[in-house]
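Good morning, and thank you for coming.

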Amino acid sequence: MANFFARTLLSWHHAHHRPLPWGDNERDPYHIWLSEIIMQQTRISQGAGYYLRFVERFPSVFDLSVASIDDIMRLWQGLGYYTRARNLHKAAIYIVRDLNGHFPDSFEGLLALPGVGPYSAAAISSFAYGLPHAVVDGNVKRVIARFAGITQSIDVASTQDKIHELASGFMKDASPALFNQAIMNFGALVCKPQAPLCSTCPLSKRCFALRHDMVDALPVRSKKKVNRVRYFHFVRIEYRGKILLRRREEKDIWQGLYVLPFLEKKSSRSLSVSQINTFVTDLLGPCDYVYKDCSKPVLQQLSHQTISGRFILLTLLASPRKLSEEYVWAAKRLIHTVAKPKMIADFLEQ
């Protein structure tokens with residue numbers, strides 16, 4: 001079965017090769033590492049532009065290591081999962097400072113990098129160095145679960161170990177880089193989550209799921225987390241052509257990004273005049289301001305939570321009496337230079 005799987009998969013890949021934006025012959029570990037981190041939980045169509053901009057702005061790991069985290073976060077803006085950007089910076093500093101700029105060339109060495117787990121280490125080590133480590137992402141789990149008839153939840157560690165063992169066996173005697181790229185592409189283009197192309201699938205004659213009418217049932221997943229809805233009321237405070245911002249340091253969503261002052265409430269119902277006044281007074285001390293408008297709720301879908309945001313527009317009539325050190329006044333013409341959550345960036349650009 002292993003020989004059939006690899007032989008058939010590589011034959012399909014040869015005929016349906018999908019060019020990637022970073023070049024199919026690329027073997028530079030820095031570029032591969034960048035692409036793998038950017039593409040985590042991101043579609044290629046969305047991540048390709050970010051990858052190209054990162055390579056242009058930071059052509060080497062040395063350039064990335066000396067960059068400010070604000071520059072990196074701003075370039076990452078809109079891609080989501082911002083912990084990846086922070087780990088990218090930490091890893092670059094580690095490589096330059098502790099490894100003299102030499103990229104790790106072993107699976108174990110790659111695992112030591114911040115933000116690099118078994119999947120990324122397998123991808124980088126196989127693509128950059130040809131090491132025999134099978135990648136196991138969502139596409140791979142789906143392909144192997146259907147083909148081999150794995151009926152246990154793919155979210156369970158023991159099932160993931162079994163899938164990894166099968167993938168490693170299928171990859172034996174094949175080029176690790178070619179095999180890994182082929183199986184990921186196959187899962188994205190043929191063995192898709194919905195409406196897979198079973199009628200033209202070259203693996204169909206030995207596919208357990210197709211033979212047992214279980215294509216829609218596999219892979220099995222554990223119960224999904226309940227989506228949480230949070231209600232943020234942002235207050236856009238303007239004074240003399242500047243907007244009040246705060247860099248969010250909490251270990252929560254948007255860590256490291258600049259946000260408008262906000263209140264989190266239990267509903268999207270508009271704040272009352274007294275609530276707004278109390279919020280502004282607590283923030284800036286007693287002050288005069290003009291209430292301009294309040295937006296309708298806008299939504300941003302994050303991982304396992306939805307943010308419902310309203311934007312309240314205020315203009316101060318005099319300099320505030322107090323201001324915490326965590327807040328800064330940013331000129332409106334320079335707002336685009338700081339990294340912000342997509343929801344806030346979209347609103348301010350309007």
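**A pocket and a cavity**

I begin with helix α14 (residues 342–349), which contributes four residues, the most of any element, to the lining of the second largest pocket. Helices here are DSSP runs of H or I with at least four residues, numbered from the N terminus. This is a predicted model, in which local features need pLDDT of at least 70 and side-chain atom pairs count only at pLDDT 80 or more, while totals for chains, interfaces and linings use all residues. Residues are numbered from 1 along each chain as its sequence is written, and side-chain values use heavy atoms, with hydrogens and water left out.

A pocket is an open set of points on a 1 Å grid over the protein atoms alone, with protein on both sides within 12 Å along at least five of seven lines; a cavity is a set where a 1.4 Å probe fits but cannot get out; lining residues have an atom within 4 Å of a point.

The second largest pocket has a volume of about 220 Å³. Its lining includes Gln 77, Arg 236, Lys 332 and Phe 347, and divides into six nonpolar, two polar and four charged residues.

What lies nearest the centre of the largest cavity? Among its 15 lining residues, those are Arg 146, Cys 191, Cys 198, Cys 201 and Cys 207. This cavity holds about 130 Å³ of space, and helix α9 (residues 138–148) gives the most to its lining, with three residues.

Finally, the mean pLDDT, the predictor's confidence in each residue from 0 to 100, is 93 for the protein chain.

How values were computed: Points joined across faces, edges and corners; volume = space filled by probe spheres on them. Helix = DSSP H or I, 4+ residues; strand = E, 2+ residues; numbered from the N terminus. Nonpolar A, V, L, I, M, F, W, Y, C, P; charged D, E, K, R; others polar.
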